[in-house]
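Please keep the sequence and the structure in view while reading.

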Amino acid sequence: MIRIAQNVFKVLLPLVLGGAILYWMYRGFDFQSVRHVLLHEMDWTWMLLSFPFGILAQLFRGWRWRQTLEPVGETPRNGVAVNSIFLSYAVSLVIPRVGEFMRCGILKRWDGVSFSKALGTVVTERAIDTLVVLLVTASTLLFQMSVFGTFFERTGTSLGSIFQQFSLAGYLVTAVCGVAVLLLLHLLLKRLYIYNKVKATLSGIWEGVLSLRGVTNLPLFLLFTAGIWISYFLHYYLTFFCFDFTADLGVGCALVTFVVGSIAVIVPTPNGAGPWHFAVKTMLILYGVADEQALYFVLIVHTVQTLLVVFLGIWAWLRLSFTKTIIT
């Protein structure tokens, strides 16, 4: 009974957290105006042009995953590997992170791949992606640090004036969100047994990185890795040109908001809903976008891109339904 309650809590907490952040952000928002923006103020051409890059990112991830499985003696079909990625992302919209286990289960069912080996390579993949995000974050901060100083200088904004604009409700919501994030981190750390084992964990990540020496074509692996993150960025950046108020912000702003959004999705809500909206909206305002316009941007872009993930998940489910299993 306690185990069931814990599982229910782990499922509901991300949903409640994401919902609470979205409610706080969009309280009093006129959702009827979104229809007008969608039909009359938004250039859908750029949104459609961004779709191929969203698909490419997942294709590269599927192909790269197949490469990491080869050194451990597993060779799933390309189609099965890619469709498992499509479906895993869609499933994670319902229960965050469960897709990682589902894609390993798909490979086991359709191609007889060892579940434990597949899961081990997922950990390696995440270690590589974490290093990439850290590298991109450090580079972005280094080259865009002047933007923050310019903003504060031109607007005369200080931390004191920012906090003075907070209402009592704002302080309370911020505090609740902070406590919720700390609680999630506590549960995650406890679940992964990281207490007093930080060195062992870092060592494990490093071993995962070193295991890439067994990849048959390392340049291709690195190309896939670069392709994943370049595609993710272009999938996001092209949406800037959908709106007049973001079209001229430039690559620098896109990089900063992309990095901040990528870090925000660490909080396990469905597709980062809530934390992603808050983080990207806050940074857009930092670059001079009006509050209401920033709300339009994060709501429309996140919703449309999430619908693409759903579509790809349905496509993968249909494809796998007509794919023969290989019994080994």
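How exposed is phenylalanine 31, judged by its relative accessibility? In this predicted model, phenylalanine 31 counts as partly exposed, at 46% relative accessibility.

## Aromatic pairs

A search of the whole structure finds 22 aromatic pairs, and one of them joins tyrosine 26 to phenylalanine 31 in a tilted arrangement, with 5.8 Å centre to centre and 35° between the planes. Tyrosine 26 is buried, its relative accessible area being 7%.

A further pair, between tyrosine 237 and phenylalanine 241, is edge-to-face, with 5.2 Å from centre to centre and 70° between the planes. Here tyrosine 237 is buried at 15% relative accessibility, while phenylalanine 241 is partly exposed at 25%.

## Arginine 103

Arginine 103 is buried, with 1% relative accessibility, and its charged end sits over the ring of tryptophan 65, 4.4 Å from the ring centre. Arginine 103 also forms a salt bridge with glutamate 100, in which the closest N and O atoms are 2.9 Å apart; both residues lie in helix α5, three residues apart, which is about one turn of the helix.

## Salt bridges

The structure holds ten salt bridges, including one between aspartate 129 and arginine 126, at 3.6 Å from N to O.

Another salt bridge links aspartate 291 with lysine 281 at 3.0 Å between the closest N and O atoms. Aspartate 291 lies in helix α13 and lysine 281 in helix α12, so this pair ties together parts that are ten residues apart in sequence. Finally, salt bridges with shared partners join Arg61, Arg64, Glu100, Arg103, Glu125, Arg126 and Asp129 into one network.

Definitions and conventions:
Residues numbered from 1 in each chain as written. Predicted model: local features only at pLDDT ≥ 70, side-chain atom pairs only at ≥ 80, totals over all residues. Heavy atoms only, no water. Phe/Tyr/Trp six-rings, centres within 6.5 Å; stacked < 30°, edge-to-face > 60°. Buried < 20%, exposed > 50% of the residue type's maximum accessible area, 1.4 Å probe, protein only. Lys NZ or Arg CZ within 6 Å of the ring centre and 35° of its normal. Salt bridge = Lys/Arg side-chain N within 4 Å of Asp/Glu carboxyl O. Helix = DSSP H or I, 4+ residues; strand = E, 2+ residues; numbered from the N terminus.
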